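Q: Could you walk me through this one with me looking at the coordinates as we talk? I'd like to go feature by feature.

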Amino acid sequence: MKYIEVVDLPPGQSPVVAETCYRSAEALEAGQILFLPRYAFSVPGSYQPLFSSPILQRGSKSVSYSPSTRKLYGTASKGQTLSSLEEMMGRFANFAQKTVTRLLPIYRTGLVRARTSFRPIEIETRSVPWRKDDRRLHIDAFPSSPIQGNRILRLFCNVNPAGQTHLWRIGEPFEQTAGRFLPSIKPPFPFSSVALMLTSTTKSRRTFYDHIMLCLHDRMKRDQRYQEEAERAEIEFPASSTWLAFTDQVPHAAMRGQYQLEQTFLLDINRLHDQSTAPLHVLEKLAGRKLV
Ligand code: SIN
Ligand code: FE
């Protein structure tokens, strides 16, 4: 299993050759991490207070930002620190958008920019309940925002000012993981998708696909044996580097690191080069039925 594809993209805006764009999309769709070792989001010195003062609201594990409304969530910052935070999040969201459209032009027309996040806490020592513990291998799924078979593409930057690396664990391929847990996942209760919408628990219809992906996320995190025994690799991302992954497909766990920026994109499944490796198609093949 190849876990990582390195693309030595230089900083800046110069066009990327078509062969590199093709190789990048192919690697991501195959379930690899796309690692850009020399490609950094630059953090000006004026943002230094964001890396030394407590900026999180009690109970939040990250600051999140909506690029469409420019609203921030999860922060207790005020005054100049709040302005710097808003500015950094906005600039990072634009940086991520430009990077993805430059490197992955085939996705451009099917891409929706969702939340931006800043994670200022050291992951290794943070104490959280198992379902929220990203140190446990998992795939990403959103309880309140069903994606109905579309894809979750995420771009991450390690912006640690002291040069500390960010350590990830990557698990066995999606098909193997799904095959391990799918037989024990039961269908949702009849009409539960309607009830979830009526109570505003979900923003749109939670399909059978969304149900399975949420169950997979939970089963993976809860299964101690899987966490200890599943085949995995560890990857250290240096400070000032960038990486991307389809995190609905790649089992991942963030083990150590502090100060990370992340941008989530939703991608229309029809924009993929090869839909056969998408979780929807893998699960439909394993289940022998349509899931959306
Ligand atoms: C995650 O998406 O599970 C967490 C990623 C990270 O904090 O590195
Ligand atoms: Fe995750």
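Q: How do β5 and β11 pair, and over how many bridges?
A: In this predicted model, β5 and strand β11 (residues 260–267) are antiparallel partners, and seven bridges hold the pairing. One residue pair to look at is Thr116, whose bridge partner in β11 is Gln263.

Q: And in what order do the strands of the sheet come?
A: The sheet is an open one of eight strands with mixed pairing, and the order reads β1-β2-β9-β6-β11-β5-β3-β4. The edges are taken by β1 (4–6) and β4 (71–73), each of which has a single partner strand, so one side of each is left without a neighbour in the sheet. On average, and with direction ignored, neighbouring strands of this sheet are turned by 20° against each other.

Q: What about β7 and β8, parallel or antiparallel?
A: They run antiparallel, joined by six bridges, and Trp168 has Ile235 of β8 as its bridge partner.

Q: Which residues of β8 are on the covered face?
A: In strand β8 (residues 232–237) the covered face carries Ala233, Ile235 and Phe237, whereas Arg232, Glu234 and Glu236 make up the uncovered one.

Q: Switching to the rings, how many aromatic pairs are there?
A: The structure holds 15 aromatic pairs. One of them is Phe41 with Phe92, an edge-to-face pair at 5.2 Å centre to centre with 80° between the planes. That pair links distant parts of the chain, since Phe41 sits in the loop between β2 (33–36) and β3 (63–66) while Phe92 belongs to helix α2 (residues 79–103), 51 residues apart. Both Phe41 and Phe92 are buried.

Q: Why is the pair of Phe156 and Trp168 edge-to-face?
A: Their ring centres are 4.9 Å apart and their planes stand at 75°, so the pair falls in the edge-to-face class, for which the planes must be over 60 degrees apart. Phe156 lies in strand β6 (residues 151–158) and Trp168 in strand β7 (residues 166–171), so the pair ties together parts that are 12 residues apart in sequence.

Q: Are those two buried or exposed?
A: Phe156 is buried, with a relative accessible area of 4%, and Trp168 is buried as well, at 3%. Phe156 and Trp168 also form one aromatic cluster with Phe35, Phe237 and Trp243.

Q: Which ring does Arg151 lie over?
A: Arg151 is placed over the face of Phe246, at 4.2 Å from the ring centre.

Q: Now the metal: which residues coordinate the iron ion?
A: The iron ion (ligand 2) is coordinated by His138 through NE2, Asp140 through OD and His252 through NE2, at 2.1 to 2.2 Å. Along the sequence, the spacing of these donor residues is H-x1-D-x111-H.

Q: Last one, what span should α5 have, and what does the model give?
A: At 1.5 Å a residue, the 15 residues of helix α5 (residues 208–222) should span 21 Å, and the end C-alpha atoms are 21 Å apart, which agrees. Helix α5 is also mostly covered, as 13 of its 15 residues are buried.

Key:
Residues numbered from 1 in each chain as written. Chains lettered and ligands numbered in written order. Predicted model: local features only at pLDDT ≥ 70, side-chain atom pairs only at ≥ 80, totals over all residues. Heavy atoms only, no water. Phe/Tyr/Trp six-rings, centres within 6.5 Å; stacked < 30°, edge-to-face > 60°. Helix = DSSP H or I, 4+ residues; strand = E, 2+ residues; numbered from the N terminus. Buried < 20%, exposed > 50% of the residue type's maximum accessible area, 1.4 Å probe, protein only. Lys NZ or Arg CZ within 6 Å of the ring centre and 35° of its normal. Donors = N, O, S within 2.8 Å, 3.2 Å for Na, K, Ca; no water. Expected span 1.5 Å × (residues − 1). Pairing = 2+ DSSP bridges. Axes fitted to C-alpha atoms, helices over the stretch in contact; angles between N-to-C directions.
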